[in-house]
Amino acid sequence: MVLLVPELTFLTGLSDIRKNSRIVKEVMWGMMQSPQQHCTRLTSLLHRIRDTPEASQELERWGLHLDTDIYRTQGHILPMERINLRHRSFFPNEELSWHKEVTKEVSISVMPITSWLLVYPKRLQQLAKDLLVTVRNTCGSMGMQVGQPTVQELRDDRIESYVKSIRSGLGSQEKVQLLMCITPHNREDMYGAIKKLCCVQAPVPSQVINAQSLMGHPGKIRSVVQKVLLQINCKLGGQLWGVDIPL
């Protein structure tokens, strides 16, 4: 048995903070900064410690001294990797992001989607229609062929309704390539039930989309749909991009 003194412990991770999108954005902003931005922030902190009498006195009491300049050394810089798609190759930008390229160009291999199932509660009917329109408008530039889904509209958004409808839909069709569910909230119990059914009881590639992520301006739903299509292509056995790996 391990007994922890509450006053001597502190929380790590995000826990329920994930529900607060503003805080999550601030945390991500802090994590995704460039090396130069990190250097500027650290230098600023060192100067604040030096210029704050209380902090300086505390360090002196400990016998510590902090230099106001960050230690510099010459590091080995690796050459930039080239990203290969089906018809073109390119080098990523300084942020090492190539999302725009893979959503505007054809991936190395693309799986056509001809038989898939879309499940959503009735109150999200308009959102489901917007999703399908965006899929049709987006898939072409990515080289994907996406047919019309078999739609199952639920009367409510209970977990039992999802599970029952998915079982019915998978049982009525001979070969379903993909199951896509739109859920009204980010509920772990609902997500777990759907994934357990699709991974264990009736194996089929599945994609669960939180309705909150689709709400907002048209550019937002387009961005979400692009990322979802990339995920789906991987789940069905497609290959998005590759790099040159020498012997």
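Helix H6 passes helix H7 in a right-handed crossing, a crossing being right-handed if the near helix is turned clockwise from the far one by less than a right angle, and left-handed if anticlockwise. This is a predicted model, so local features need pLDDT of at least 70 and side-chain atom pairs count only at pLDDT 80 or more, while totals for chains, interfaces and linings use all residues. Residues are numbered from 1 along each chain as its sequence is written, and side-chain values use heavy atoms, with hydrogens and water left out.

Back to the pair itself: the axes of H6 and H7 (residues 188-201) come within 9 Å and cross at roughly 20 degrees. Axes here are lines fitted to C-alpha atoms, for helices over the stretch in contact, with angles running from 0 to 180 degrees between N-to-C directions. Helices (H or I, at least four residues) and strands (E, at least two) are DSSP runs, numbered from the N terminus. H6 therefore counts as roughly parallel to H7 (under 35 degrees; over 145 is roughly antiparallel, 65 to 115 roughly perpendicular, the rest oblique). On the H6 side, the contact (heavy atoms within 4.5 Å) is made by Ile159, Tyr162, Val163, Ile166 and Arg167. H7 brings in Asp189, Met190, Ala193, Ile194, Leu197, Cys198 and Gln201. By class, that gives nine nonpolar, one polar and two charged residues (Ala, Val, Leu, Ile, Met, Phe, Trp, Tyr, Cys and Pro are nonpolar, Asp, Glu, Lys and Arg charged, the others, Gly among them, polar).

Leaving aside residues up to four places away in sequence, Gln173 touches Ser115, Leu117 and Thr150. Its C-alpha atom is 8.8 Å from that of Ser115, 58 residues apart along the chain.

H5 (residues 125-139) and H8 (residues 218-235) have axes that come within 9 Å and cross at roughly 65 degrees, so the two are roughly perpendicular to each other. H5, too, passes H8 in a right-handed crossing. Asp130, Leu131, Thr134, Val135, Asn137, Thr138 and Cys139 of H5 meet Ile221, Arg222, Val225, Gln226 and Leu229 of H8. This contact has six nonpolar, four polar and two charged residues.

Finally, Ser56 is found in helix H3 (residues 53-62). Ser56 counts as buried because its relative accessibility is 19% (buried is under 20%, exposed over 50%, partly exposed in between, with a 1.4 Å probe and protein chains only). A polar atom of the Ser56 side chain lies 3.1 Å from the backbone oxygen of Ile49.

Note on methods
Polar contact = N/O pair within 3.5 Å; in protein donor to acceptor, adjacent residues only side chain to side chain.
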